[in-house]
Amino acid sequence: MPVINVGGLEIEVDEDGFIADPSKWNEAVAKALAETEGVTELTEDHWKVVNYLRQYYQQFGIAPMIRKLCKETGFSLKEIYDLFPSGPAKGACKIAGLPKPTGCV
């Protein structure tokens with residue numbers, strides 16, 4: 001399994017770059033994963049989405065539907081794509097340290 005190194009900590013990721021163990025996620029890991037998705041800076045808006053995704057995942061064990069993500073964060077789908085160019089499932093969930101969502105290609 002591939003490994004990324006974040007501040008001396010080795011973190012296993014799957015073939016698509018999603019971390020294998022969501023409990024190893026922290027803000028430094030998020031920043032490292034963001035760079036792999038072409039997001040060079042995590043703004044307050046990025047963190048709003050990332051934190052919502054993490055809270056939802058911790059509560060329900062899955063990533064939220066995109067419609068719910070938009071409704072709960074107040075961002076349109078276009079705004080989500082502006083923040084995470086590779087999309088809410090691949091980009092945002094990866095940066096949030098969630099496993100690869102079902103149906104994510």
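What follows is a set of questions about labels, each answered from a value and a cut-off.

Me: What should I know about the model and the numbering before we start?
Reply: The model is predicted, so local features need pLDDT of at least 70 and side-chain atom pairs count only at pLDDT 80 or more, while totals for chains, interfaces and linings use all residues. Residues are numbered from 1 along each chain as its sequence is written, and side-chain values use heavy atoms, with hydrogens and water left out.

Me: Why is tyrosine 56 called buried?
Reply: Buried means under 20% relative accessible area, exposed means over 50%, and partly exposed is in between (1.4 Å probe, protein chains only). Tyrosine 56 has a relative accessible area of 13%, so it falls under the 20% limit and is buried.

Me: Why is phenylalanine 60 called partly exposed?
Reply: Its relative accessible area is 46%, which lies between 20% and 50%, so the label is partly exposed.

Me: What makes tyrosine 56 and phenylalanine 60 a tilted pair?
Reply: Rings of Phe, Tyr and Trp (its six-membered ring) pair if their centres lie within 6.5 Å; planes under 30 degrees apart are stacked, over 60 edge-to-face, and the rest tilted. For tyrosine 56 and phenylalanine 60 the centres are 4.5 Å apart and the planes at 45°, so the pair is tilted. The two residues are four apart in helix H2, about one helical turn. Helices here are DSSP runs of H or I with at least four residues, strands are E runs of at least two, and both are numbered from the N terminus. Ring pairs also link Tyr52, Tyr56 and Phe60 into a cluster.

Me: How many aromatic pairs are there by this rule, and why is the pair of tryptophan 25 and tryptophan 47 called edge-to-face?
Reply: The count is three aromatic pairs. The rings of tryptophan 25 and tryptophan 47 have centres 6.5 Å apart and planes at 70°, so this pair is edge-to-face. Tryptophan 25 lies in the loop between strand E2 (9-12) and H1 and tryptophan 47 in helix H2, so the pair ties together parts 22 residues apart in sequence. Both tryptophan 25 and tryptophan 47 are buried.

Me: What makes helix H5 mostly covered?
Reply: Six of the eight residues of H5 (residues 88-95) are buried: Pro88, Gly91, Ala92, Cys93, Lys94 and Ile95. Their cover includes helix H1 (27-36), helix H2 (44-60), helix H3 (66-73) and helix H4 (77-83).

Me: What makes a set of residues a nonpolar core?
Reply: A nonpolar core is a set of buried Ala, Val, Leu, Ile, Met, Phe, Trp, Tyr and Cys residues joined through side-chain atoms within 4.5 Å. The largest one has 29 residues, and those with the most contacts inside it are Val49, Leu53, Phe84 and Ile95. H1, H2, H3, H4 and H5 each supply at least two residues of this core, and H2 gives the most, with six.

Me: Which residues does leucine 53 contact, leaving aside neighbours within four places in sequence?
Reply: Contact means heavy atoms within 4.5 Å. Leucine 53 is in contact with Pro64, Leu69, Ala92, Cys93, Ala96 and Leu98.

Me: Why does aspartate 16 count as partly exposed?
Reply: Its relative accessibility is 28%, between the 20% and 50% limits, so aspartate 16 is partly exposed. Aspartate 16 lies in the loop between E2 and H1 and touches Lys94 and Lys100, not counting residues up to four places away in sequence.
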